[in-house]
Amino acid sequence: MADTKVYLLDGGSLVIDGFHAFWNRGPGGELRFPCYAVLVEHADGRYMFDTGYDFDHVMRVLPFEKPIQDKEQTIPGQLAKIGLKTDDIDYVINSHYHFDHCGGNKHLHKACTICHAKELEASGDCQPFEHLGYSDLTFAPDLHKKKNAGKELPPDPALDMYTPKFETLSGDQEIAKGLWLFETPGHTAGHYSMMVELKNRRPILFTADACYSKKNMDMMCISSFHLDPVASVKSLHRLKELAAKYDAELFYSHDPDSFKSYQTGANCYS
Ligand code: 5PN
Ligand code: ZN
Ligand code: ZN
């Protein structure tokens, strides 16, 4: 049986304010951070954990986040770099449905979509203060059409051919051998972090937005985009405990410093 491999797919970058990255701490000022997707090649199939943001969506809805993403940094572009096509992906796992984690779902026509049951529910019925976060609903075309009825949206050819099937989960789950989803709620209602066990190195625990960066963990400081700040802090502690329990290395979702040291493109972890 082939060993599991993990690829990080560079999805470009966005800008937020320092007070959004470090809630009630700052310092303020523009902070440019990376976004990426994770491809896990497993004996049971190809799993993609998150799919980054859609450039056109951000330009239309959140242009103040100043997206930088070249064609190579799209999901099709990143897959091409490792010799794969969009139809080669069997499963998409979404940590949560903020626009910067699900914008590329619509390219993955053959994939079954896996997420927390509470997250799928929240994405269609979010709190008013979460609207920008949940602004890209193209991962669920029916929901997207319902929410955008009456609005003049530019045609999106990718969407016409996209009819995803959802598989919702709750609780911690080992969804394939050595591939774990851990509940880390607070940032959103049904947030999952993912741990991958590998043959030749320590497990990797992808925090997703339960922890943007090493600095957030070191300061026990959550980001300002959250549903429940108290639950968010609990999840920060949980990630630290999980990393200790499994001797896992934490990989952060939006860490400009750590990202420089991560292997990307055709270089994988195994
Ligand atoms: C990158 C980013 N920008 C804005 C929001 C938001 O309003 O909720 C989540 C989020 C983001 O991840
Ligand atoms: Zn988020
Ligand atoms: Zn994010």
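Predicted model: local features only at pLDDT ≥ 70, side-chain atom pairs only at ≥ 80, totals over all residues.
**A zinc pair and an open sheet**

His98 sits in the loop between β4 (91–93) and α4 (99–102), while His187 belongs to the loop between β8 (179–183) and β9 (192–196), so the pair ties together parts that are 89 residues apart in sequence.

Let's look at ligand 2 in detail. The zinc ion (ligand 2) is held by His96 through NE2, His98 through ND1, His187 through NE2 and Asp209 through OD, at 2.1 to 2.2 Å. Along the sequence, these donor residues follow the spacing H-x1-H-x88-H-x21-D. What angles do the four donor atoms subtend around the zinc ion (ligand 2)? They range from 91 to 165 degrees, and the arrangement is irregular because tetrahedral geometry would require all angles to lie between 85 and 135 degrees. Are His98 and His187 buried or exposed? His98 is buried, with a relative accessible area of 7%, and His187 is buried as well, at 4%.

Now on to the sheet. Six strands form an open sheet in the order β1-β2-β3-β4-β5-β6, with mixed pairing. Its edges are β1 (5–17) and β6 (165–169), each of which pairs on one side only. From one strand to the next, the twist averages 20 degrees. Strand β1 runs antiparallel to β2 (residues 30–42), and eleven bridges join them; Asp10 stands opposite Tyr36 in β2.

Finally, helix α5 (residues 117–124) lies across β5 (112–116) and β6, running at about 95 degrees to β5.

Notes: Residues numbered from 1 in each chain as written. Chains lettered and ligands numbered in written order. Heavy atoms only, no water. Donors = N, O, S within 2.8 Å, 3.2 Å for Na, K, Ca; no water. Tetrahedral: all angles 85-135°; square planar, octahedral: opposite > 155°, others 65-115°. Helix = DSSP H or I, 4+ residues; strand = E, 2+ residues; numbered from the N terminus. Buried < 20%, exposed > 50% of the residue type's maximum accessible area, 1.4 Å probe, protein only. Pairing = 2+ DSSP bridges. Axes fitted to C-alpha atoms, helices over the stretch in contact; angles between N-to-C directions. Contact = heavy atoms within 4.5 Å.
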